[in-house]
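Take a look at the chain below. Then work through the questions one by one.

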Amino acid sequence: MNRLLIVGYGAVSYAVFVFAFLYAIGFVGDIGVPRTVSHGIPAPLAQALAINVALLAVFAVQHSVMARPGFKRWWTRLIPQAVERSTYVLLASAALLLLYWQWRSMPAVLWDVTSTAGRLAVWALFWFGWAMVFAATFLINHFDLFGLRQVYLAWRGRPYTEIAFQVRLLYRLVRHPLMLGFIIAFWAAPTMTAGRLLFAAVTTGYILVAIRLEERDLTATLGADYHAYRRRVPMLVPRVSTPHPATAQARRAGPEIA
């Protein structure tokens with residue numbers, strides 16, 4: 001493939017991702033988009049449930065299968081390695097767009113926060129979740145994650161190099177802040193409808209499975225470094241630790257000893 005074509009393909013894939021990501025915020029939050037997690041195509045409840053689960057399954061299968069190292073090795077025999085990540089991003093975005101387009105309405109309200117302060121608090125949590133997702137992508141290299149670094153290196157005629165394993169900020173608190181951000185955003189609903197509950201429950205289940213698969217691959221790739229990281233940092237729930245009594249006593253005695 002021509003290097004200019006590779007760059008163009010990567011840029012288009014990223015642009016489609018940005019649209020799908022921004023639409024996801026409106027889709028989940030029922031904000032300013034024509035079809036949302038609560039109000040899509042009208043359908044009987046049983047049909048809506050079956051179709052919506054199938055749409056979520058399409059995304060989950062694509063997202064997981066194409067991320068596995070074995071699939072990547074086979075896939076890069078058919079397409080240039082420089083656009084492997086961009087293709088993954090493009091197809092994941094396409095699966096999301098299909099979901100937005102064909103999602104069936106499930107508008108029944110299961111709970112509703114009525115107080116102004118309560119609604120503001122839940123909305124703040126919703127936006128906090130999305131902000132965590134966005135920040136986490138940059139802490140692990142946003143441009144590599146979405147294929148831009150790969151096509152840039154191809155354009156410059158340079159070989160691709162793996163990003164070194166580093167632990168920064170949010171990744172010191174939990175091993176998967178990006179996934180934690182999604183879970184928070186999906187469940188932070190001042191008005192919880194049947195559609196929102198289905199979406200949040202299925203995606204949370206998928207995230208828990210996907211994390212196991214990803215950690216298996218990371219352990220195989222990074223070995224002892226990732227083993228040590230897993231022992232030190234919790235997966236999704238930040239650890240609230242208190243110092244050992246002896247350590248706390250030593251700290252209090254420190255200035256006097258000095």
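**Loops, helices and burial**

Q: Is Leu 169 buried or exposed?
A: Start with the cut-offs: buried means under 20% relative accessible area, exposed over 50%, and partly exposed in between (1.4 Å probe, protein chains only). Leu 169 has 62% relative accessibility. So Leu 169 counts as exposed.

Q: Where does Leu 169 lie?
A: This is a predicted model, where local features need pLDDT of at least 70, side-chain atom pairs count only at pLDDT 80 or more, and totals for chains, interfaces and linings use all residues. Residues are numbered from 1 along each chain as its sequence is written, and side-chain values use heavy atoms, with hydrogens and water left out. Helices (H or I, at least four residues) and strands (E, at least two) are DSSP runs, numbered from the N terminus. Leu 169 lies in the loop between H7 and helix H8 (177-187).

Q: What is the phi of Leu 169?
A: Most residues other than glycine have a negative phi. Leu 169 is not a glycine, yet its phi is positive. The value is about 45 degrees.

Q: How many helices and strands are in the protein chain?
A: Read the elements from the N terminus on: α-α-α-α-β-α-α-α-α-β-α-α-α. Count each kind. The chain has eleven helices and two strands.

Q: At what angle do helix H2 and helix H4 pack?
A: H2 covers residues 45-65 and H4 covers residues 84-102. Axes are lines fitted to C-alpha atoms, for helices over the stretch in contact, and angles run from 0 to 180 degrees between N-to-C directions. The two axes are 9 Å apart, and the angle is about 175 degrees.

Q: How many nonpolar residues are in the contact of H2 with H4?
A: Contact means heavy atoms within 4.5 Å. Ile 51 and Phe 59 are among the H2 residues there, and Tyr 88 and Leu 91 are among those from H4. Ala, Val, Leu, Ile, Met, Phe, Trp, Tyr, Cys and Pro count as nonpolar, Asp, Glu, Lys and Arg as charged, and the others, Gly among them, as polar. The contact has no charged residues, three polar and, as the number asked for, eleven nonpolar.

Q: What is the relative accessible area of Ser 93?
A: Ser 93 is found in helix H4. Leaving aside its neighbours within four places in sequence, Ser 93 is in contact with Val 16, Phe 17 and Ala 20. Ser 93 is buried, with a relative accessible area of 2%.

Q: Which helices do the buried residues of H7 pack against?
A: H7 covers residues 148-155, and its buried residues include Val 151 and Leu 153. Just after H7, Gly 157 takes a positive phi of about 75 degrees. The buried residues of H7 pack against helix H1 (3-29), H4 and helix H6 (142-145).
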